[in-house]
Amino acid sequence: MHNRKRKTVKKTVSFSDDQNLTNANLNNHRKGHIDDDTPPVYVRKSWTLIPFHLLALLYWFLKYTDFNLLALLYIMIPTQVIYLIFRFNKNTIYGKKRLRLNWLLVFITLGACLLLSIPCLAIIVLFGAPFVELLKESWLLALHCCFLTYPAVYDVFNCNFKVGYFKKYFISVVIGCWISCFVIPLDWDRDWQAWPVPLIVGAYLGSFIGFSIGGYI
Amino acid sequence: MNPTVSDERDRAERIRLSIMGPQTRSSRMSYRISRFKSTHTLYILLLASLAVLQFISIAFFAKGFLLTRTVLDNVAELDPQLPFEAKYDKMVLLIVDALRFDFVIPVDENHAKYNPNYHNNLKVLYETAHNSTDSVLLKFLADPPTTTLQRLKGLTTGSLPTFIDAGSNFNGDVIDEDNLIKQLYLHNKKIFFAGDDTWDALFNPYLAPESVPYESLNVWDLDTVDNGVISYLEEYYFNEEKRSEYDILIGHMLGVDHVGHKYGPNHFTMKEKQLQVDELLRKIISTADDNTLYVVMGDHGMDHTGNHGGDSQDELESVLWLYAKNANWSKDYDSYNTTDLGTSYKQMNQIDLVPTLSLLLGIPIPFNNLGWPLDEIANDPEELTLYHNICRNQLEKYLSVSNIIGATARRDALISVENHPEFQQMFLEICKDLWARFDFTSICVGIALMAFSLILLLIIIKLIPSIVVGQMVGDFVGCVVVISAISNVSFQGIYQVLHQPAFLDNSLWCSAFATSVGIILGVFIPIFDRYSVQWLCLRLVEELSDYWSRIATLFITLHALLFTSNSFTIWEDRIVAFLLTTFGMLTLYEFAFLPQRHSTAAILSGAGEKQGTLSGKSVGESNSDSLPLGRFARILGGYHSIVLVLCTRLSSMITICREEQGPYCTPTFTISNNYSYYTMLGCLFLIPAIPSCIKGYYNVCSSYQAAAPIWIGLILKGSLFASFTYWSLLTIENKFEDLAWDLTIWKYTISRIIVGISLIACNIGWMKGPLCVKLNIHNTDLKSQQATILGYSNVYGSQYFLLVINFLMAIMLFNKPLGQLSIFLMCNQLLSIIEICDLLKVKESLIGPVALGLLAYQQFFSTGHQATIPSVQWDMGFILTEKIIFPWTHLGIVLNTFGPFILVALSVALLTLWKQPPSVLQPQTILARIVSNSGTLLIYNSVLCLSSFVWVTHFRRHLMVWKIFCPRFLFASLCLIVSQLVVTFITIGFASSRLIRQISQLFSK
C-alpha cells in the first residue's frame, strides 16, 4: 500500500498488492532499466527449487516411522533450513540482487514459525478439529504446516512483512490440507486415516507443489 | 392585458398545479402499484407451478422407490376347529448370514463357475440330506431387498418386506406385527439367542435375558460374532446340563457375510469361514437330541462382489436345511438336482418358513403370513390336507381383515380358486405386485422431471436477466396454464381410451404426469421463443465466470457429491460445518488481504448502486481510490467473518451422533445434557442475549427505532422468557420424579400463548407495516431545523427481519434447550452472512443463498437432528397438545425438524433487502432480485434432491440403502418441499410484496 525505498536497491520498489500502482511505478523507471517489468521481489523459475526432500520425508514417514509426527518434525526442520540456505534464498531476487543470508533472521524465523503455529492451531480447530482430545496431534499438525512454509516466512521477514508475493506458498499448504480432508470420513479403516496423518500428507504435497511451481505463478 | 389579471391567472395555474400535481403523482403511483401487484401475482404463479412440478417429480420417485404396505396389529390364535399336534418341542435354529445356495451343494470341478474358495467346502448339509429321510435341503428364495433387517422381518412374519411399513412406528425397532418369535414367546417357549444384534433390536421383549447380541455393523470384523455364537453353543447346547434351560436356541453367524463385504467371495478367508461352519454343524448333528428340530438357513445370498441388498439371482438364492433325529420327511428325490450349481433344484420361498415352523412346533401361523407350508413336513396325505386347510384359513382371514385387494373382480377370482396351493400362489403374486417391486419407470420419470425442473429454475432464475423475467412472467404463466390444460385433456383422453401410458396407475397419476409435461413445455416455449440453447450456454459460462460464483458452485457440487458414498453421507454434519467454515475463512481472507479482483468486481457490480460506507463518509474519503472496501468496512467484514466461523464451530459441537458414526463421535445432545442446570443457565442467558445481538446488527444502520424496540426488546424478550419458563418446567419434571404439583396445565398454557403470539398475533401485527425509522429533528441554529430519518438506509431489511423474528420465536419454543443455544448462534451466523454479502457486494451472486443453504443444513444437524428416521424428535409434537391433533402436532414436528430451513428460506430475501435504501431501485427490480436470490436457494436444494434421487437409485443394492441413502433422500425431498412452500408463499407471496408496496409508497419521489 505504501511505497518504500530501500537503500541497498537504487530504484523505487513497491510491495503493494495493487498491480496498477506497481506497474505505474515501474513504468516511470522503465527508461533506465530494461528488464524492470519483473516484480520487485520474486522467486526465480528454476528446477532447483523443487523441494524433493519433502517427498523423501513423506515417503519415510509413511513407510517406516509408524506415523511418528514428532520424528518427522525433528528431521523436517533442519532440512527446511538447509533448503532455505542453499535453494530458496539463492533463487529469491530482491530488486535485482540476491541478498546474503541473514543468519540472525534464520533463527528468528524458527521462533516465529513456532509462534505462528498457535494461530494456525486455532484455525485448524475452527475448521472442526477436536479441541480437547487430540490437541497435541493438532498442534503437531500446525507446527508441520508452519515449518513447511518456513522459507516463505523467512522471506516475508526479509522484505519487511509484505506478504503479498509470498501468499501463494501459504495458500498452497492450506489448500493441500483442505483437499486432503476428504479421506478422513471414508470408512476404509486404514491406520493412515488417523488424525492428522492425511492432513500432514496433504500439507507436504501442497507445499511440494507450491514451492515447485511458485516461481511460475 | 392587465398585468394583475395575468398574475392572478398565473397564481391560479400554480395553485391548480400544486393541487393536481400530487394527484397525478398519486395516480401514477397507484398505476405503478397495480402493475407491481399483477407482476407479483404472476411471479407467485410461476414459482408455484415450478413447485408443483417438483412435487410431482418427488411423488413419482417416491412411488417408484418406496415400497409400502399396511401392517396389521392382529395376533393369530389357534383355531379350535382344526387341531393339530406339535411334532417337536424344541428347536435349534442357526442362521448363516449370506449363505448362498451353491456354497452348500457339490459343484463339479470342471464347471465354468467352479471356485475352490467357496465351493465344496461346506458339505455337511448335502451329505446328510442326500439319500436320507431325516433331513431335507432346499433352495431358499428371498424377496428383495436382500438386507438382513428386511429378511429377518420376512422370515419371522411371513410377509413381504417394505421400507415403510405404514402403520407401525417409525422407530423401526421392535416388530409390532405378529411374528413367529412372538408366537413362540406367547406359547411359553423360552428363546435363547446369540449373534447379530439386529435380532435384539427386533425381538428384544421376546428373547430370554441370557441372550447375547453382538455388534453387527462392523463388516471388517470377521470373527467376533461367530466365535461368540460358537462359545454360546458350547455353553448351552453342547453342555448337557444346560440343554433343558431353553426351548428355542437361535444363533446368527455373520462371518460369511462379512468376508463377502470385506474381500468378496473369492478369497481364502471364505474357505476358512465355511469350513468353520461345516465343523460346527457336524458337531451339532453328532450330538443331536430326539424331539428337537434343527434348522440351518441363510437369510440371503451374495453377488459376485460379495455385496447384497438387490434382487439378482445370486443375492436371492439361499439355503434351508431341516433336520431331526429319526425324522421321516416325505421327500421327492427327483427334484433335488444339483447339476449346474443347482439351477433346477427344488426351491421354496423364504416366507414359507413361517407356516412350516409354526406347524411343526404347534403354534398358530402368524397373522400377516403369506407363505405356504412345505410338502415335506407332512407324513401322510391327510396331514397335508389338514395343514393346507389351516393355512388357507389363515390366509383368508388375513385377506378379509386387511382388505388389501378391496372388493374387486380380482378378489372374487382369487376366492373362487378351489386348489389351496394355487390360491396361495395367486394371493402372493397379487401382494407382490402391490408391495415389493421397485417401479423403475416411475423412478426414471421422477428423476427426469426433477432434472427438468432444475434446468427450468436455472434458466429462469440465473440465466435470463431478472428484469427480462419480470416482463416475460406473464407469458410463462399463460403458456403454463394453457399447455397444462391441453396436455391434461390429451393425456387423459389417451389414458381413458387406450390405458396408455401403462405405468400410470390411475387417472390421478395421469393428470399429475400430464400437468408436469404441461408445465415443462409451458415454460420452455417462451424461453426458446426468445433465446437459443447456445445463448443460454454462453450465459451459464458467463454466470460462472466470477470468483464467488465459482466458490458457490464448488460448494453445491461438493455437497451434492456427498451422496456418492455412505461414509460422506454419514459424516454430512461435519462436512457441512467444514464448508461453512471455509466460506467464513474465505471471506475473512478477502477482508484481510483484499486481493486484486476487488477492483474489477466492484466496478462491475456496484456501478449502479450507491456505495454507502459504514463510517458515514463517502467512498473516496474513507479509503484510497484504488480499493473498493474502506478500512472500516474491512474491519467490520473481518469481524463478521470471525463471528460466523466461531459460531459455526461452537454450534457444531452440539451433535446427536448417528449410529454409524460409532466411536468417532460423542453425542452431546443427550437428555442429561439437555436438561442439565448449565444448559438451562445458558437458556436463561439467551433471554437478554438474542435481543441484544439482533439490536447490535440493527444499530449498524441505526435502524433500532420505532417498531424495533417493541418487537425485539419487548415481544421477543417476553417470548424467550416464556419459552424459558416452559423448558424450566419440563426440566423440573425431568429432574424430580415425584413432584407434588401437576405442571401440565401450565406447560400447555405457556406453549399455546407463545405460538399464538408469535405465529398469529405478530404476523398480523407485521402486516400492518411496522417501520423501523425515526424522524430525528434537531435545531441547526435558532430558526431552522434539520430533519434526519434514522434507519433510512436499512428500511427494508429492518422491517423484514421482524417477520423472521416472529418465526424465530416459535422455532425457539419447539427446540430443546441445546437446540435453542444453537439457534441463538444461528441468528448471529445468519445476520453475519448477510452483512458479509452486503460488504462484499455479492448480493446478486450465487454465494449468498448457497452460504445460507449451508447454514440451514449445519443448523439442522446442530439442533440435534440427523438424516435418519429415529433421530426425528417426535416428542416435540406434544408440546401444544396431549394427543395427536392434526395441525398442532405436525406443526411442532415441522418447526422442530425444519426450523433452520424455514428461517433461511425466509431470510434469503434479506440478501436483497438488507441495507437497501428506499427509492433507489424500482419495486419490480427489488422483487425480481428477491425472486432471483430465493430461486438460487431452491436451485441448491433441487440439486441436492436430484443428486440424492440418482444416488439412492444407484445404491439400491447397497447394504446400507435403507439405513443411510433412503432416509437421506426422504430428507432431501422434504427439505425441498419445505423450502419451496416457504419461499413461494411466505417470502415472496406474503412478505415481499406487502413490504415493497408500503415502502415504495412512503418513500417514492
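B:Leu544 counts as partly exposed because it has 13 C-beta neighbours inside 10 Å. On this scale a residue is buried with 20 or more other C-beta atoms within 10 Å of its own, exposed with 12 or fewer, and partly exposed in between; C-beta atoms are placed from the backbone. The model is predicted: local features need pLDDT of at least 70, side-chain atom pairs count only at pLDDT 80 or more, and totals for chains, interfaces and linings use all residues. Residues are numbered from 1 along each chain as its sequence is written, while chains are lettered from A and ligands numbered from 1 in the order in which they are written.

Stay with B:Leu544 for a moment. Its place is the loop between α18 (533–543) and α19 (547–561) of chain B. Helices (H or I, at least four residues) and strands (E, at least two) are DSSP runs, numbered from the N terminus. Leaving out residues up to four places away in sequence, B:Leu544 touches B:Ser549, B:Arg550 and B:Thr553. Contact here puts the two C-beta atoms, placed from the backbone, within 7 Å. B:Glu418 is 126 residues from B:Leu544 along the chain, and 69 Å separate their C-alpha atoms.

Now the domains. Chain B is assigned domain 1 (86–379) and domain 2 (670–779 + 796–815 + 876–907). These bounds come from an automatic or database domain assignment. Taken over C-alpha atoms, the centres of domain 1 and domain 2 of chain B are 54 Å apart.

Next, the sheet. Eight strands of chain B form an open sheet in the order β6-β5-β7-β2-β8-β9-β3-β10, with mixed pairing. Two strands pair if DSSP finds at least two bridges between them. From one strand to the next, the twist averages 20°. Axes are lines fitted to C-alpha atoms, and angles run from 0 to 180 degrees between N-to-C directions.

Look at β3 (residues 135–141) of chain B. It runs parallel to β10(B), joined by 3 bridges. B:Lys139 has B:Gln347 as its bridge partner in β10(B), and B:Leu141 has B:Asn349. With β9 (residues 317–323) of chain B, β3(B) runs antiparallel, joined by 7 bridges. There, B:Phe140 is partnered with B:Ser318. β3(B) is mostly covered, with 6 of its 7 residues buried.

Finally, helix α29 (residues 795–813) of chain B. At 1.5 Å a residue, its 19 residues should span 27 Å, and this agrees with the 29 Å between its end C-alpha atoms. The expected span is 1.5 Å times one less than the number of residues. α29(B) is mostly covered: 19 of its 19 residues are buried.
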